[in-house]
Structure formats: C-alpha cells, structure tokens
Amino acid sequence: MGPDSIRSLNAPRPLAVQATDRGAPRAVRLRGHHLTVKRILDVWRIDNDWWRPQPISRRYFLVELNNGLLQTLYQDLASGAWFMQHY
Amino acid sequence: MLDHLAASGRRPVACILIPHYEIRLEVLRNPVWEGLPLALTDLAGESRRRIVDHNAEAAAQGVRVGMHAREIAGLAPEVTLLTPDPLYYAAQSTSILGRLYEISPRIEAGQSGATYIDLHGLKRHYARPVDACQALLGLVDPVLRPRIGLSVSKFAALVAAHRAEVGQVRQLGGKNLQRKLAGCSIDLLPVEPKIKERLRRFDLHTLGDLAGLSSSALLAQFGTDGQRIWELARGEDHAPFIPTEPVEPLIERVALPEASALYPTLLSGVYQLIARLLARPELRGRGLRKLRLGLRLEDQRSVEQMIDLKGAIRDERRLMAILAHRLQQIQIEGPVDELLLEVLEESPIHARQQALTATRRLREREQMQEAVRELTSRYGRSPLYHVVEIERWSSIPERRWGLIPFVPSTRPDH
C-alpha cells in the first residue's frame, strides 16, 4: 500500500495457531511464546462481500489464553489461514 | 507535393489521427481484443446505455452508433460491449501528448482522436516536414493504428489524415486545395451533427457541393457556421492554431483500503484529496476554478465529474461542500478502489485581511507545516496521520477506521 493510500486501522495480523479437528483454536504462538487456549468465550461468523470476486468468510473466536490474556482471533474460511484482530 | 507545401509559404500542419480512439486504447490495454468486434457505450445507466462508437468488425455484424446496448445481445451476441474508462483515456492522452512535445512545442489537441502539430521551424531538425511526420508516427504505439495527414491548415491536414493508410503519411499540398477537397464528405466538417443532417437534406454531400454555392446562401441558412463551412470547402481555414500548454498535471490520488461504494467512505477520500491539493506548493496563494473528480471502480471502469467553480476557491470547507454535493450526483455502479482529483484551471486569489486573532493560529500552522517538512525529509514520508471514520458500522473491523497522511490545514480559521 503506497503513501497515497488510506491505511486501514486494525488490519488483521497473521498468527500461528494449532487447531482442533473441529477447527477450534487449541494453542497460539504469540510474540515467540507458545500459549494454550484456556477457554473459548465466544464464537461468531462473518460472511460479507459474497457478490465480489473475493468474498469474506471468517470465523472469529474470543479466547482466554493460559497467561490470562483475552485475544480475538479468526480463521479465514477461504484460505484456512489464522489472524489476530481486535473486534 | 512537398514543393507545393513549401512554395505556398504557409505553415505546415500535421494531423495525427487515431480513428475509434477509445476503442483502440481499450485494445492497447487488452491486446486479446485485437480483431474482435467491439462497441463502446456511453456512461448512461445500465438500461439506457447506447452505442457511441464501434470498430469495423462490429459494424460488419450490424452494430451502429446510437443503438441501445441491450439490442446488441440479440443482434450480435459476439460483440464485446465496452464501458468507457475516461480516467484511463485522459491519462493515455496526456502520455501521448507528452511524447509528441519531443518533436514540436506547438501541439493542439483536437477532437475524435485528432491531434494537430505545427511543424513550422523544425527545419534544423528535419529536412522535410514529412520526416517530422515519420518521427511523430514513431512516437505513437502502432496498436493505436495512427495515421498522419500533412497540409497547410488544420482542416486540410485532417482530411489528408482520413485519406491516409494506417501507419502512413498522406500529404495534401496547398495548391488547388479546393479541387483536392471537393470529393471529401461533409462528415469531416467541424460542425454540429444537426448542421450536417440539414446539409444532407439539401442534397449537399461533399465539400465540392458546398464550394459551388454562394457564401451568402450558406450564411443565410446556417449563420456563421455556414460562412465557415463554405470557406473550409474552398480550402480556406482561418481557425487559429491554439497550442495546448504542456503543463504538469496537478493530480492527487487516493487508494481506498477496501473497494467501497459507500458515500462516507468516498467522502473521506475526497477530503484527503482536497487537503493534499491545497497543500501543494504550486497552488500556494492560488484558488481552484475547475476540477475533475474521478472514481476508478474495482472492475477497471471509471466515472468522472467535471466541476466548474464560481470563481477561484481555496477555502477547504467550501470545496468540501461542493465536492460532497457533486459526489452524490455521480452514478456509481460498483465498488470504488481509487479516487482522483485533478485541477484543470486555477488562478490567483485576492488576499483577504486576516483577523488579528488568526495570527497565532497562522504561526502554529506554519510551525506544524515546518515539522511535517522536516519529518518528511528525514523519513521519506511524513509519519503523522489523521484517524478518520470510514465505515464505523462495518462488521469487518479493518474497514471501520482509517489513517490518512496528516496535511496541515491551509484554512486560516483552523
């Protein structure tokens, strides 16, 4: 994105996530630390732009990590990649 | 022929002609369309769109100018309908003109793919005017199928260009010009279509037909246009050569983080464009008079709006109000991923006396501008940003707020 662009605030950042067979996050790698997911507090899904070439389909998780941190992450259901993003 | 040009003592004028200009530009962008039937529509709404130009391949399938675009699907389904992209066309025209200035400083942009070049005074560079024409041809992409007419006036050069083969130079000497033009169709006359239609109703189809009449007869029917077409038919072209000034375009662009057709999102982009333009040193102490607001759509199409301002305006709020209003009037048929604002005309503004209380703010603003300049020189770009609301209600977090580069306001009361 060049200097002439409006930059997004709160852009998603890639995140390494270990997931369960059912697609729920089990552990994340955050700033070099391996952190397990203590519990999942909320799950929601977003489907948008379905009329465009690159539709958006995400499943968000609000999780509590084993260090007590609350973190929002999502899986891009098109690519399978994981991201962290404040919601 | 060359001798005739030289002997006439009149200035040699070249006309580069690119028939079906926009369609050829589309082929330049998408070479796979070469040889396919193509038709260009206007920018009206989807259901009212009409054909404004087509290539020979589309004509062979029955496509004609003025047809409804929706007729084409039944009549000639193989024809590819092109939606105009005026921003792309304008950028290409600027680029082509820029290259032609390498040959001559006197260039006049004409209509319908015609550009006129005054070749007077190029003897030191080119032995013959035709050599300059060959050099001009070499500067235009052959995909555009340019051809050149060379004569002693703009109109005669245009006629010659229409008679030239693709990639060739055709000359029309100044001697006996009336006779040489006699067989030319009235379609080439630079007058409104309704005048040509009336001429046909009078059974006047060629310039020879017109030249045979008296000037008073044409003057009586068509007023000054009648006098002008009579003169043109007789090889007399008194239209002055009006060179287009080679100016660096004053354009600002802003790319949206996500393509959007939402008014508030586009408005935040427009705000950014105005702030950047007013901060440009070329526009210091000058007001904007005429603007082009362009929106590039996600699917490569574009729309634009010309904005004539009443007087030179430099007030950011007034400009914002005007552009916001005009933005609402643009029919947007898809998500926009880039906005641009170009200054087409500007002029000095008369200074107004500032209130004494504004002096402190003015100093603060100058200090801020200086700080931004220093940061820009240190980091290559200013690291200062504004946070702007884009789509606060969006379910997608990164679309709610954006950062735009901080440009110190030029408003005295800000």
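A residue counts as buried when its relative accessible area is under 20%. By that cut-off, 38% of the 87 residues of chain A are buried. The model is predicted.

**Chain A overall**

- From the N terminus on, the elements of chain A run β-β-β-β-β-β-β-β.
- Among the contacts in chain A with a separation of 6 or more, 36% are between residues 24 or more positions apart.

**Aromatic pairs**

- Over all chains, the count of aromatic pairs comes to nine.
- One of them is the stacked pair of A:Trp44 and A:Tyr60, with 5.3 Å centre to centre and 5° between the planes.
- This pair links distant parts of the chain, 16 residues apart: A:Trp44 lies in strand E5 (residues 33-48) of chain A and A:Tyr60 in strand E6 (residues 56-65) of chain A.
- A:Trp44 has a relative accessible area of 21% and is therefore partly exposed, whereas A:Tyr60, at 0%, is buried.
- A:Tyr60 also pairs with A:Tyr74; this pair is tilted, with 4.8 Å centre to centre and 45° between the planes.
- A:Tyr74 belongs to strand E7 (residues 70-76) of chain A, 14 residues from A:Tyr60 in strand E6 of chain A, and the pair again links distant parts of the chain.
- A:Tyr60 and A:Tyr74 are both buried.
- Ring pairs link A:Trp44, A:Tyr60, A:Tyr74, A:Phe83 and A:Tyr87 into a cluster.

**Sheet with strands from both chains**

- An open sheet of three strands runs in the order E1(A)-E14(B)-E13(B), and its pairing is antiparallel.
- Strand E1 (7-8) of chain A and strand E13 (385-389) of chain B stand at the edges with a single partner strand each, so one side of each has no neighbour in the sheet.
- Five bridges join E13(B) to strand E14 (residues 401-405) of chain B in the antiparallel sense.
- B:Val388 is placed opposite B:Gly402 in E14(B).

**Helices of chain B**

- Helix H5 (residues 86-100) of chain B has 15 residues and spans 21 Å from its first C-alpha to its last, close to the 21 Å expected at 1.5 Å a residue.
- In H5(B), the buried residues are B:Pro86, B:Leu87, B:Tyr88, B:Tyr89, B:Ile96, B:Leu97 and B:Leu100.
- Helix H12 (residues 224-233) of chain B buries B:Gly226, B:Ile229, B:Trp230, B:Glu231, B:Leu232 and B:Ala233.
- The cover over the buried residues of H12(B) includes helix H7 (154-163), helix H8 (177-181), helix H9 (193-201), helix H10 (207-211) and helix H11 (215-222) of chain B.
- After H12(B) comes B:Gly235, which has a positive phi near 85°.
- Helix H14 (residues 316-329) of chain B has 14 residues and spans 20 Å from its first C-alpha to its last, close to the 20 Å expected at 1.5 Å a residue.
- At the start of H14(B), a side-chain oxygen of B:Asp315 comes to within 2.9 Å of the backbone nitrogen of B:Arg317.
- The buried residues in H14(B) are B:Glu316, B:Leu319, B:Met320, B:Leu323, B:Ala324, B:Arg326 and B:Leu327.
- Those buried residues of H14(B) pack against helix H13 (263-278), strand E10 (286-297), strand E11 (302-313) and strand E12 (336-348) of chain B.

**Two buried residues of chain B**

- B:Glu252 lies in strand E9 (residues 250-260) of chain B and counts as buried because its relative accessibility is 12%.
- The side chain of B:Glu252 makes a polar contact of 3.2 Å with the side chain of B:Arg280.
- Not counting residues up to four places away in sequence, B:Glu252 touches B:Leu273, B:Arg276, B:Leu277, B:Arg280, B:Leu339, B:Leu340 and B:Leu341.
- B:Ile18 sits in the loop between strand E1 (13-17) and helix H2 (21-29) of chain B, and is buried with a relative accessible area of 3%.
- B:Ile18 and B:Gly113 are 95 residues apart in sequence, yet 4.9 Å apart in space, C-alpha to C-alpha.
- Neighbours within four places in sequence aside, the contacts of B:Ile18 are B:Arg24, B:Ser112, B:Gly113, B:Val140, B:Leu144, B:Arg145 and B:Pro146.

Conventions. Residues are numbered from 1 along each chain as its sequence is written. Chains are lettered from A and ligands numbered from 1 in the order in which they are written. This is a predicted model: local features need pLDDT of at least 70, side-chain atom pairs count only at pLDDT 80 or more; totals for chains, interfaces and linings use all residues. Side-chain values use heavy atoms; hydrogens and water are left out. Buried means under 20% relative accessible area, exposed over 50%, partly exposed in between (1.4 Å probe, protein chains only). Helices (H or I, at least four residues) and strands (E, at least two) are DSSP runs, numbered from the N terminus. Contact means heavy atoms within 4.5 Å. The expected span of a helix is 1.5 Å times one less than its number of residues. A polar contact is a pair of N or O atoms within 3.5 Å; within protein, one must be able to donate a hydrogen and the other to accept it, and residues adjacent in sequence count only if both atoms are side-chain atoms. Two strands pair if DSSP finds at least two bridges between them. Rings of Phe, Tyr and Trp (its six-membered ring) pair if their centres lie within 6.5 Å; planes under 30 degrees apart count as stacked, over 60 as edge-to-face and the rest as tilted.
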